[in-house]
Amino acid sequence: MSVEIKKVTTRKDLDAFIQLHYDLYKNSPYDAPNLYSDEVETLSRDKNSAFEFCESEYFLAYKNGKLVGRVAGIINHRYNEQWNRPCVRFGWIDFVDDPEVSAALLKAVEDWGRAKGMKEIIGPLGFTDMDPEGMLTKGFDQLGTMSTIYNYAYYPEHMARLEGYEKDNDYVEYKIYVPKEGMPDKFRRVAELTMQRYNLHCPQLTRDQVFGPEQYGKKVLHLVNQTFANLYGYSQMTDKQIDEYVEKYFKFFSMDMICVIEDWNTPDHKVIGVGITIPSLTRALQKCRNGRLWPMGWWHLLRALKFHKTDIVDLLLIGVLPEYRSKGANALLFYHLIPVYQKYGFKWGESHVHMESNTAVQQQWQYYENEQHKRRRCYKKAL
């Protein structure tokens, strides 16, 4: 029987769309499933502020009456205008190992994109760069992270068979091992010399500073807008999105696992760099049955967030203004964070995704034992 594609039109359909991932990956030891409530918020037009400049359609694939795949079609008008690229994105793509299913899902997004006047399809991408992106092509036996996509090895095999799809961008990820004690001498000297020479400082933030009148939460995300401005797939966060992210996420962060760099040569001590890191939540999320916090999911997340019951730290957001990178400012982030990691007993860190061509980011790991253990790809096809 051929594949039947159905648009998501009801809350019941949306529930099925979200549930499919939990069902497909319930036996995976590597997948980091999102919380169900987070998925609902992200995919709901009345809850996600990205819909100020995005539109979307969600599609379900059925075969022999059984749900076998899903995909989101997304048009980010802000990105398309910024980069002069009339494209439709595909994201949230999951499917059983049946080439007929993956082909039907992507055709649904292609057809919707063409009807909207789009000239290209790209993905996997979310609404914005704050959503997971890139299909895993290496590292299927590595633990996933909350902020990235995990998929089975047959996914890229399907993409390779589809006519017209080719590489648009590749990302790499690193496993960086935390020194058991102290830090590499060369790295320490670079960091200390940089602080002295350029009058850069890393104050320890408090929650009052993040949420209060000083609004460091907003400062940090405005900085992310600046540092990520020219990266593949990125569209600037709006003020509404920034407010949303500060309120939604910063209250869960440990302040000592966030490092900001300030330039004290400026009158307002301008924030020029930031490192936001958290204990890995992957094992805790795997224990949240179908992404629910109840009955015991909340406890597993609390153990990871508050009591740091994990060997792994996730490097969620690392950014330094371009004009400070050549001065060695990146070194200050881990000069301050490594002692925190050692205190909590973390053994290694998981880098966020960065473009394979971004050698400047990759070079910052040279002072530590590291392993390039994952790779992922975004595809494109002319419509």
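**Close-up views of a predicted model**

**View 1. Helix H4, residues 99–115.** Helix H4 comprises 17 residues and spans 24 Å between its first and last C-alpha atoms, close to the 24 Å expected at 1.5 Å a residue. The expected span is 1.5 Å times one less than the number of residues; helices (H or I, at least four residues) and strands (E, at least two) are DSSP runs numbered from the N terminus. This is a predicted model, in which local features need pLDDT of at least 70 and side-chain atom pairs count only at pLDDT 80 or more, while totals for chains, interfaces and linings use all residues. Residues are numbered from 1 along each chain as its sequence is written, and side-chain values use heavy atoms, with hydrogens and water left out. At the start of H4, a side-chain oxygen of Asp-98 comes to within 3.0 Å of the backbone nitrogen of Glu-100. After the helix comes Gly-117, with a positive phi near 85°.

**View 2. Glu-110 within helix H4.** Glu-110 lies in H4 and counts as buried because its relative accessibility is 7%. Here buried means under 20% relative accessible area, exposed means over 50%, and partly exposed lies in between (1.4 Å probe, protein chains only). Other buried residues of H4 include Val-101, Leu-105, Leu-106 and Trp-112. Leaving aside residues up to four places away in sequence, Glu-110 touches Ile-121, Tyr-165, Lys-381 and Leu-383; contact means heavy atoms within 4.5 Å.

**View 3. The kinked helix H1, residues 11–24.** H1 has 14 residues and reaches 20 Å from first to last C-alpha, close to the 20 Å expected at 1.5 Å a residue. A kink of about 25° is centred on Ile-18, the bend at a residue being the angle between axes fitted to the seven residues ending there and the seven starting there. Among the buried residues of H1 are Leu-14, Phe-17, Ile-18 and His-21. Their cover includes strands E1 (4–7), E2 (54–63), E3 (66–76) and E4 (87–95), together with helices H2 (36–43) and H5 (154–161).

**View 4. Strand E9 and its partners.** Six of the six residues of E9 (residues 258–263) are buried. Ile-258, Val-260 and Glu-262 point one way, whereas Cys-259, Ile-261 and Asp-263 point the other way. E9 pairs in the antiparallel sense with strand E8 (residues 200–201) over two bridges and with strand E10 (residues 270–279) over six bridges; strands pair if DSSP finds at least two bridges between them. Glu-262 is the bridge partner of His-201, and Val-274 in E10 is that of Val-260. The hairpin of E9 and E10 has six residues between the strands, and His-269 in the turn has a positive phi of about 50°.

**View 5. The surroundings of Tyr-174.** Tyr-174 belongs to strand E7 (residues 166–177) and counts as buried because its relative accessibility is 11%. Its C-alpha is 6.1 Å from that of Glu-350, 176 residues apart along the chain. The residues touched by Tyr-174 include Trp-365, Asn-370 and His-373. Its side chain makes a polar contact with that of Gln-362 at 3.4 Å. A polar contact is a pair of N or O atoms within 3.5 Å; within protein, one must be able to donate a hydrogen and the other to accept it, and residues adjacent in sequence count only if both atoms are side-chain atoms.
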